[in-house]
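Work through the following exercises with the sequence and the coordinates side by side, and try each task before reading its solution.

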Amino acid sequence: MFFLSIPQAWHLVGTWSEQLPSESNLIGMGQTELMMTLHSIFVPLLIVISYYLFNSISKNESKNIKG
């Protein structure tokens with residue numbers, strides 16, 4: 001019932017709409033922090049996937065040479 005009040009609660013002064021960051025950065029990170037976080041997630045993932053693919057290809061190559 002609180003959110004059905006007039007005026008709507010999200011338009012009142014001091015609610016969450018007034019507390020948004022000035023740059024509209026909703027995740028709370030700057031550009032540098034965001035890039036460092038994304039790199040720390042995706043670079044190890046890329047290394048693991050490439051290692052797996054390299055091993056699977058080299059195993060297939062060794063089977064073809066032996067047989």
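The exercises below concern a predicted model and go from the whole chain to a pair of residues.

**Exercise 1.** Describe the protein chain by its secondary structure, its burial and its accessible surface.

Solution. Begin with the secondary structure, which comes to 1 helix and 0 strands. Finally, take the accessible surface, which comes to about 6,400 Å², with 68% of it belonging to carbon and sulfur atoms.

**Exercise 2.** Determine which residues make the nonpolar surface patch of about 870 Å², and classify Leu53 as buried, partly exposed or exposed.

Solution. The patch is made by Met35, Leu38, Ile41, Phe42, Leu45, Ile49, Tyr52, Leu53 and Ile57. Of these, Leu53 is placed in helix 1, which covers residues 31-66. Because its relative accessibility is 43%, Leu53 counts as partly exposed, the class that lies between under 20% and over 50%.

Terms used
Residues are numbered from 1 along each chain as its sequence is written. This is a predicted model: local features need pLDDT of at least 70, side-chain atom pairs count only at pLDDT 80 or more; totals for chains, interfaces and linings use all residues. Side-chain values use heavy atoms; hydrogens and water are left out. Helices (H or I, at least four residues) and strands (E, at least two) are DSSP runs, numbered from the N terminus. Buried means under 20% relative accessible area, exposed over 50%, partly exposed in between (1.4 Å probe, protein chains only). Accessible areas come from the Shrake-Rupley method with a 1.4 Å probe; for residues, only the protein chains shown count as cover. Patches are made of residues with over 30% relative accessible area and no salt bridge: like charges are joined within 9 Å, nonpolar side chains (Val, Leu, Ile, Met, Phe, Trp, Tyr) within 5 Å. A salt bridge is a side-chain nitrogen of Lys or Arg within 4 Å of a carboxyl oxygen of Asp or Glu.
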